[in-house]
Amino acid sequence: MNTIAAAALAIALIVAGTLFGRRALLIYRLIRMGKPVARFDDLPARAQAEVVVVIGQSKLLQRLGPGLMHAAIFWGFIVLFPTIFIAMIGAVDQHATLPWLGRQGWYALLVAIFAFLVLAGVIAAFVIRKVQRPQRFAGSHVREADVILLLIAGIVISLFVWHASRIALGLNEYPAAWAPISSLPAQALHQPWTPYLERAAVWAHVLIILSFLVYLPYSKHLHIFLAAVNVFFGRTRKRGRLEPVDLEAPDDQVRYGAATAADLTWKQMVDTMSCTECGRCQDVCPAFNTGKELSPKLLIMALRDQLLADGPKALAARGAAAQLPPLVPTAVTDNVVWDCVTCGATWSWSSRGFRRRRRRCCATSIAPPTRGASLRRIARTGQTGSAPMCSSPGRSPPTSCSGSAARRLTTSVPARVQSRLRSCSKRLASTSRSSGRASRAPATRRGGWVTSTRSSSRQGRTWGP
Ligand code: SF4
């Protein structure tokens, strides 16, 4: 073993580990800071999602070309993972390798096949991004993606060069025939400088991997670590169902949505950090495709940026309420929140949800003028549509709210919840008045939006964002 090489590797590992660990710790603390949400039930469904969506890449393969490109890179990295340790051992000792696996011909063949697939995937990704230039990448961090693709290409090319030079020097522990891609150039590498090439290639390989490791948590490629976690803790219930508001919880624990970054649940935080900025959600979003301001991709990116900017301040407050800017309109505008038609189209591609609207409406008295009629109807009858109210005398109950269900709705609600419902209803009524016509509260108009400037304080609660 070369002691200088061992010391150099130890220093490189410590530096990379420290930089990576600092960022990883911040992200872990941010996620721990998130509001609670129950995502530990239904373990079989979660395990199934992990196999189908993560290992099987099912969502990405809905688009065959880009899906195969991503799957080649993802599967390649799983197969190539042990080569990281093989290279580190080889960097320190030219004649050593990983016990057992490093000597297997079949593994050398797998490495050759999957390294080639990764390289093909990287080239395909460059062609998609630089030649095809699909609209879905507009607004994404394109430079970050380019850096990552170059690093991946560097990892694979240096691996091929290292293997080829080892075969040329007769250092390969496996039969050369099992590594067909490296064996070909090896025939031209019987040169006096090949030993230097072998050292340069293995060190380049190790250092690019460590740079890649450090860069990941600082870039959108954080999804490499968090996507699998995000899929595991995704919803297993029916799509499109909003999390119910727990009206029986103590006042300071009732959540109507997220006003600031600190109000996000830990799962929503993981959602934002596992976005790959691929733009598939934007491609299928009817609001975006009809010229609305909402882009699901830009929304999730803006929330992530806001979380990473405000999260450390909230952590520094150590449990005390930090003065954080509101998500709306700091991260996203009102239009973006209200443009969502909750169609669920993006669920096929990603597991993001849009719940900011509830907070905007229930907690801040801000709504677009066009919602006035609906909100007034809710305040008056408890319903958004023009169908009669369940308990209206002399009217037939609507089919969705009839019989015993209707009676339960009107008779079995605890007094504490009834008072909350009344409060919420009055709140909505005030919103509808401020958005539809003259408001009792002072109002300001911003780009067609009517904003009640009152910061209500019923029951001592501050309703402002
Ligand atoms: S939210 Fe999902 S589909 Fe949309 S850009 Fe991010 S990763 Fe892609």
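## A first look around the model

Let's start at Thr276, which is partly exposed, with 18 other C-beta atoms within 10 Å. For these labels, a residue is buried if 20 or more other C-beta atoms lie within 10 Å of its own, exposed if 12 or fewer, and partly exposed in between, with the C-beta atoms placed from the backbone. This is a predicted model, where local features need pLDDT of at least 70 and side-chain atom pairs count only at pLDDT 80 or more, while totals for chains, interfaces and linings use all residues. Residues are numbered from 1 along each chain as its sequence is written.

Thr276 sits in the loop between α9 and α10. Helices (H or I, at least four residues) and strands (E, at least two) are DSSP runs, numbered from the N terminus. Setting aside neighbours within four places in sequence, Thr276 is in contact with Lys220 and His223. Being in contact, here and below, takes C-beta atoms, placed from the backbone, that lie within 7 Å. Thr276 and Ala227 are 49 residues apart along the chain, and their C-alpha atoms are separated by 8.8 Å.

**The whole chain**

The protein chain comes to 18 helices and 3 strands. Of its 465 residues, 31% are buried. Take the contacts between residues at least 6 apart in sequence: 72% of them join residues at least 24 apart.

**Two helix pairs**

Which residues of α2 meet α8? On the α2 side they are Arg46, Ala49, Glu50, Val53 and Val54, and on the α8 side Ala227, Ala228, Val231 and Phe232. By type, that contact divides into 7 nonpolar, no polar and 2 charged residues. In this sorting, Ala, Val, Leu, Ile, Met, Phe, Trp, Tyr, Cys and Pro count as nonpolar, Asp, Glu, Lys and Arg as charged, and the others, Gly among them, as polar.

Helix α2 covers residues 43-55 and helix α8 covers residues 223-232. Their angle is about 135°, so α2 and α8 are oblique to each other. Angles under 35 degrees count as roughly parallel, over 145 as roughly antiparallel, 65 to 115 as roughly perpendicular and the rest as oblique. Axes are lines fitted to C-alpha atoms, for helices over the stretch in contact, and angles run from 0 to 180 degrees between N-to-C directions.

| Helix pair | Angle | Axes apart |
|---|---|---|
| α2 and α8 | about 135° | 8 Å |
| α3 and α4 | about 145° | 8 Å |

As for handedness, α2 passes α8 in a right-handed crossing, whereas the crossing of α3 and α4 is left-handed. A crossing is left-handed if the near helix is turned anticlockwise from the far one by less than a right angle, and right-handed if clockwise. The α3 side of the contact with α4 includes Met69, Ala72, Ile73 and Gly76, and the α4 side includes Phe114, Ala115 and Val118. That contact has 18 nonpolar, 3 polar and no charged residues.

**Nonpolar cores**

In soluble globular proteins, nonpolar side chains tend to be buried together. The largest nonpolar core in this model has 38 residues, and Ala115, Val118, Ile152 and Val156 have the most contacts inside it. A nonpolar core is a set of buried Ala, Val, Leu, Ile, Met, Phe, Trp, Tyr and Cys residues joined through C-beta atoms within 7 Å. Helices α3 (64-92), α4 (105-132), α5 (142-169) and α7 (194-215) each supply at least two residues of this core, with the largest share, 12 residues, coming from α5. Leaving out residues up to four places away in sequence, Val118 touches Ala72, Ile73, Gly76, Ile152 and Val156. Apart from this core lies another, of 34 residues, among them Leu298, Val328, Val332 and Cys340.

**A few single residues**

Is Gln282 buried or exposed? Gln282 is buried, with 26 other C-beta atoms within 10 Å, and belongs to helix α10 (residues 280-284). Gln282 and Pro296 are 14 residues apart in sequence and 5.5 Å apart in space, C-alpha to C-alpha.

Back in the loop between α9 (266-273) and α10 lies Glu277. Glu277 has a positive phi of about 60° although it is not a glycine, and it is buried, with 21 other C-beta atoms within 10 Å. Asp42 has a positive phi of about 50°, and is not a glycine either. Asp42 is found in the loop between α1 (3-33) and α2, and counts as partly exposed with 13 C-beta neighbours inside 10 Å.

Finally, the peptide bond from Val328 to Pro329 is cis, with omega near 10°. Pro329 has its place in helix α13 (residues 327-330).
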